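Subject: Structure handover

Hello,

Here is the structure I said I would pass on to you. Please open it beside this email and follow along; my notes come after it.

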Amino acid sequence: MTVPKYPEGCDVSNNNGRVDWAAVARSGIQFGFAKASEGIGFRDTYFPRNFADMQANGLVRGAYHFGRPDQSTAVDEAQYFLSV
């Protein structure tokens, strides 16, 4: 029986600093998710570059929000994420 190969990806945030997306793509990674926001007041300063560089290097891309339900409502957080 052959095990199907699934696409490989990675998840990055401000904790990773500047990412070399060309090197990531060369390594065989096919997609990435980048943190865009957290709560209702944090914007990941690396997000715009990560999002653009993933696309420029042919990776399927996505964005995510780190929820802080202890600090605000889900609606407020969703609106904040969409604004980023």
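**Salt bridges**

Lys5 is exposed, because its relative accessible area is 67%, and the cut-off for exposed is over 50%. Please keep in mind throughout that this is a predicted model. The side chain of Lys5 meets that of Glu8 in a salt bridge, with 3.2 Å from N to O. Glu8 has a relative accessible area of 42%, so Glu8 is partly exposed.

How many salt bridges are there by this rule? The count is four. Another of them joins Lys35 and Glu38, whose closest N and O atoms are 2.5 Å apart. Are Lys35 and Glu38 buried or exposed? Both Lys35 and Glu38 are buried.

Arg68 and Asp70 also form a salt bridge through their side chains, at 3.5 Å from N to O. Asp70 counts as exposed because its relative accessibility is 58%. Arg68, at 24% relative accessibility, counts as partly exposed. Salt bridges link Lys35, Glu38, Arg68 and Asp70 in a network.

**Strands S1 and S2**

Strand S1 covers residues 9-12, and strand S2 covers residues 31-38. In which sense do S1 and S2 pair? They pair in the parallel sense, over four bridges. Gly9 has Phe31 in S2 as its bridge partner. Of the eight residues of S2, six are buried, so S2 is largely enclosed by the rest of the structure.

**Aromatic rings**

A pair of aromatic rings is described by two things, the distance of the centres and the angle of the planes. The structure holds two aromatic pairs. In the pair of Phe31 and Phe33, the ring centres are 6.1 Å apart and the planes stand at 85°, so this pair is edge-to-face. The cut-off that this step needs is an angle over 60 degrees. Phe31 has a relative accessibility of 26%, so Phe31 counts as partly exposed. Phe33 is partly exposed as well, with a relative accessible area of 39%.

A ring is also involved in a contact of another kind. Arg61 has its charged end over the ring of Phe51, 4.0 Å from the centre of that ring.

**Helix H2**

Helix H2 runs over residues 47-56, and its buried residues are Phe47, Asn50 and Met54. Looking down the axis of H2, you will find these buried residues within an arc of 65°, so they line one face of the helix. In general, an α-helix has 3.6 residues a turn, so residues three or four places apart point the same way.

Which exposed residues does the face of H2 turned away from its buried side carry? That face carries Pro48, Gln55 and Ala56. On the buried side, what covers the residues of H2 includes S1, H1, S2 and strand S4 (60-66). Just after H2 comes Gly58, with a positive phi of about 75°.

**Helix H1 and Val24**

Helix H1 spans residues 21-26, and Val24 is part of it. Val24 counts as buried because its relative accessibility is 17%, and the cut-off for buried is under 20%. Which residues does Val24 touch, leaving out those up to four places away in sequence? They are Cys10, Val19, Ile29 and Leu59. Val24 and Met54 lie 30 residues apart in sequence, and their C-alpha atoms are 9.1 Å apart in space.

**The loop between S1 and H1**

Two residues in this loop can be set side by side. Ser13 is found in the loop between S1 and H1, and Asn15 lies in that loop too. Is each of them buried or exposed? Ser13 counts as buried because its relative accessibility is 9%, whereas Asn15, at 69%, counts as exposed.

Leaving out residues up to four places away in sequence, Ser13 touches Lys35, Asp44 and Tyr64. Lys35 is the residue that forms a salt bridge with Glu38. Asn15 and Asp44 are 29 residues apart along the chain, and 9.4 Å separates their C-alpha atoms.

Regards

Definitions and conventions
Residues numbered from 1 in each chain as written. Predicted model: local features only at pLDDT ≥ 70, side-chain atom pairs only at ≥ 80, totals over all residues. Heavy atoms only, no water. Buried < 20%, exposed > 50% of the residue type's maximum accessible area, 1.4 Å probe, protein only. Contact = heavy atoms within 4.5 Å. Phe/Tyr/Trp six-rings, centres within 6.5 Å; stacked < 30°, edge-to-face > 60°. Lys NZ or Arg CZ within 6 Å of the ring centre and 35° of its normal. Arc of directions from axis to C-beta. Pairing = 2+ DSSP bridges.
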